[in-house]
Amino acid sequence: MSTPMMQAHGLTRSFVIRAGMFAPKRTLHAVNGVDLAINKGDVLGIVGESGCGKSTLARMLLGLTPPSSGSITLDGRDIRELGRRPLARRVQPVFQDPYSSLNPRRGIASIVALPLEVHGIGTPRERRSKSIEILERVGLPPRYADNTPGQLSGGQRQRVAIARALVMNPGIVICDEPTSALDVSVQAQILNLLLDLRREFGLTYVFISHNLAVVEHIATQVAVMYLGQVVEQADTAVLFRQPRHPYTQALLASVLTPEPGLGIPDTGLGLAFPDPLNPPAGCAFHPRCAQRIAPCNTIVPPLVESPLGKVACHLHPAAPVPAAAPTPAPSSPLSLPDTPQ
Amino acid sequence: MSETVLDVQGLSVDIATPRGTLHAVRDVSFQVRRGETLCIVGESGCGKSITSLAIMSLLPQTARRTARRLAFLDEDLASASGRRINALRGNRMAMIFQEPMTALNPAYTIGDQLMEPYLHHKKAGRADARERAIELLGKVGIASAAERLGQYPHQLSGGLRQRVMIAMALMCGPELLIADEPSTALDVTIQAQILRLLADLQQELGIAMVLITHDLGVVARIAHRVTVMYAGEVVEEGAAERLFGAPRHPYTRGLLSCIPIPGRTERGGQLGTIRGVVPSLIGEPFQGCGFRDRCDFAREACQRTVPLHESGDHRWRCVLDGLPT
């Protein structure tokens with residue numbers, strides 16, 4: 001396997017929170033020691049519930065929020081050495097809310113051309129024609145070029161955001177809940193578009209979502225986050241067929257597919273949702289876990305790698321045999337037969 | 001067959017806007033029986049929330065409601081006085097809103113808010129109301145209920161707040177419960193817990209429930225009957241099993257094809273889509289099918305009044321008798 005395109009090592013970001021003028025300062029570890037490797041051409045899905053740190057992670061990968069500790073490398077180079085602009089040429093965002101992430105006063109061709117302008121690429125005329133070309137590619141005909149975002153629907157605005165991300169020919173697009181604000185019929189259009197663009201431009205995506213069915217559809221790799229940490233990471237096919245972390249199992253059980261007669265699943269999770277400012281000792285998930293065992297409330301489980309992927313759970317300890325080299329991961333997720341659910 | 005709790009026939013809502021009259025709900029009819037969950041499903045702007053507000057007489061001042069019949073048991077809601085509606089609402093018919101953060105008053109304790117409808121409608125004493133509140137918090141799965149009564153909404157997580165909302169709606173023992181996107185603002189695992197709770201309570205208490213959602217996954221798992229709305233109209237209605245198993249309206253079928261299903265849809269494959277956009281509902285009410293510009297089966301007849309087909313208790317509004325497979 002070639003070296004990953006983008007890598008995160010021990011990535012941590014904490015925020016100091018002060019509840020009131022005289023309240024003591026407290027530290028929130030939004031992201032707490034995350035290691036990730038994103039290979040070229042992959043779609044890394046990051047799933048987890050609100051407050052698990054997935055958006056903070058996205059902002060760090062984009063260079064918008066500096067990590068408290070740890071590092072991010074792009075093609076082996078630390079992004080801090082790389083500098084803001086060269087990073088922005090390679091890594092671009094698509095955010096959740098196409099209502100607040102586009103300048104309401106500009107025409108959309110001008111919005112899409114802005115990255116080119118910032119980087120001083122081309123003449124104004126060339127920038128405009130490049131911008132119209134890419135808008136057309138994402139499904140917005142030239143007659144829309146001078147419309148403002150307010151004149152467009154939510155799905156069209158998200159197309160503008162995608163066009164803006166692609167105009168610099170980035171290698172990696174970080175999509176933070178790109179379809180969560182959209183109706184299902186529009187969500188399907190945007191997912192189809194993202195998949196087409198990936199094939200056409202050889203793009204690599206980091207796709208952050210709370211919707212597991214969407215992630216299953218688009219991602220090749222999935223990382224599951226809980227309270228700032230990756231608790232499981234595996235090939236999409238493997239993760240959905242054989243989830244190992246109890247939290248992943250609960251997440252998968254919670255997916256409500258439009259299949260009548262199946263009823264509403266019992267996730268087996270308690271009500272003890274943890275306070276991120278005061279995370280539980282040991283495994284952060286143990287207060288909600290139905291399968292917890294003795295060490296769970298005292299010892300933090302390490303992320304253990306195996307042929308099935310990585311998992312941080314005491315139920316899946318490292319193999320007792322000292323492994324000389326990690327067993328290679330399955331060659332292609334498509335070669336694994338899917339078991340219908 | 002059990003008693004009809006809510007009977008809506010020919011409900012229309014027009015809302016005055018600066019750009020003209022918005023025909024938000026047009027000729028909508030459905031019934032909900034005791035012990036039954038009816039889901040109203042549709043995309044944003046289809047009129048599902050306005051329908052629920054019209055039933056509860058909570059429409060904005062600029063809206064005008066008309067109906068051939070709008071009845072809750074033997075009460076005619078269309079002609080009932082404001083005083084009569086006030087006596088029913090929050091008492092025998094209750095509502096759960098989407099945003100538990102905005103629907104709860106941040107300045108009052110959970111206990112005060114839970115007890116208020118009970119004190120008002122049941123003319124009960126505070127001790128009785130308190131007892132009832134503790135009982136219901138227990139029923140919605142909140143531990144150490146007595147201590148929770150003194151807490152304020154901001155001290156609870158989103159999932160707990162929504163449980164409080166459900167407990168509040170159930171305080172007076174309603175016969176009709178309308179839940180507008182009750183789980184949409186919640187995390188997926190919490191969503192499953194809340195829906196399970198609602199479904200269990202609905203069965204246990206034999207309530208007639210109307211659940212409004214955009215999420216077909218939620219509908220499939222909780223509904224007995226489903227009403228699909230599009231552009232202010234009901235386009236299809238039927239038992240959940242049949243509607244999902246054999247959708248008769250092109251819009252219903254289109255919506256279902258848009259949803260990725262792990263293990264069923266091909267990973268990375270093309271999802272179904274519905275081309276075009278929803279027609280404007282402002283101005284002159286349009287003739288014919290509102291979906292025709294987006295429909296793969298559109299034909300000339302779609303511009304005229306669309307017939308309503310019935311097959312058993314399955315109804316759909318389309319010029320086609322059935323969909324080609």
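This is a predicted model: local features need pLDDT of at least 70, side-chain atom pairs count only at pLDDT 80 or more; totals for chains, interfaces and linings use all residues.
**Entry 1**

**Entry 2: helices α4 and α6 of chain A**

I then turned to the pair made by helix α4 (residues 108–118) and helix α6 (residues 154–166) of chain A, whose axes come within 7 Å and cross at roughly 30°. Angles under 35 degrees count as roughly parallel, and α4(A) and α6(A) are therefore roughly parallel to each other. Here too I looked up the hand, and α4(A) passes α6(A) in a right-handed crossing.

In this contact, A:Ile108, A:Ile111, A:Val112 and A:Pro115 of α4(A) meet A:Val160, A:Ala163 and A:Arg164 of α6(A). I sorted these residues as six nonpolar, no polar and one charged.

**Entry 3: the buried side of α4 of chain A**

Which residues of α4(A) are buried? I noted A:Ile108, A:Ala109, A:Ile111, A:Val112, A:Ala113 and A:Pro115, and I found that the buried residues of α4(A) pack against α5 and α6 of chain A. After the helix I came to A:Gly120, which follows α4(A) and has a positive phi, near 65°.

**Entry 4: B:Leu104**

In chain B I looked up B:Leu104, which lies in the loop between α3 (100–103) and α4 (110–122) of that chain. Is B:Leu104 buried or exposed? I counted B:Leu104 as buried because it has 21 C-beta neighbours inside 10 Å, and the cut-off for a buried residue is 20 or more. Setting aside neighbours within four places in sequence, I recorded contacts of B:Leu104 with B:Gln113, B:Pro153, B:Arg161, B:Val164 and B:Met165. I also took the separation of B:Leu104 from B:Ala298, which is 194 residues in sequence and 46 Å in space, C-alpha to C-alpha.

**Entry 5: the domains of chain B**

I took from the domain assignment of chain B that domain 1 covers 4–92 + 175–317 and domain 2 covers 101–171. Their centres, taken over C-alpha atoms, are separated by 29 Å. Twelve residues from domain 1 and ten residues from domain 2 take part in the contact between them. On the side of domain 1 that touches domain 2, α8(B) gives the most, with six residues, and that side has nine nonpolar, three polar and no charged residues.

**Entry 6: where chain B meets chain A**

Lastly I looked up the contact between the chains, which takes 43 residues from chain B and 43 residues from chain A. On the side of chain B, the elements that give two or more residues are α8 (188–205), α9 (216–222), α10 (240–245) and α11 (250–257). Among these, α8(B) gives the most, with eight residues. I sorted the residues of the side of chain B that touches chain A as 20 nonpolar, 16 polar and seven charged.

Conventions:
Residues are numbered from 1 along each chain as its sequence is written. Chains are lettered from A and ligands numbered from 1 in the order in which they are written. Axes are lines fitted to C-alpha atoms, for helices over the stretch in contact, and angles run from 0 to 180 degrees between N-to-C directions. Helices (H or I, at least four residues) and strands (E, at least two) are DSSP runs, numbered from the N terminus. Angles under 35 degrees count as roughly parallel, over 145 as roughly antiparallel, 65 to 115 as roughly perpendicular and the rest as oblique. A crossing is left-handed if the near helix is turned anticlockwise from the far one by less than a right angle, and right-handed if clockwise. Two residues are in contact if their C-beta atoms, placed from the backbone, lie within 7 Å. Ala, Val, Leu, Ile, Met, Phe, Trp, Tyr, Cys and Pro count as nonpolar, Asp, Glu, Lys and Arg as charged, and the others, Gly among them, as polar. A residue is buried if 20 or more other C-beta atoms lie within 10 Å of its own, exposed if 12 or fewer, and partly exposed in between; C-beta atoms are placed from the backbone. Domain bounds come from an automatic or database domain assignment.
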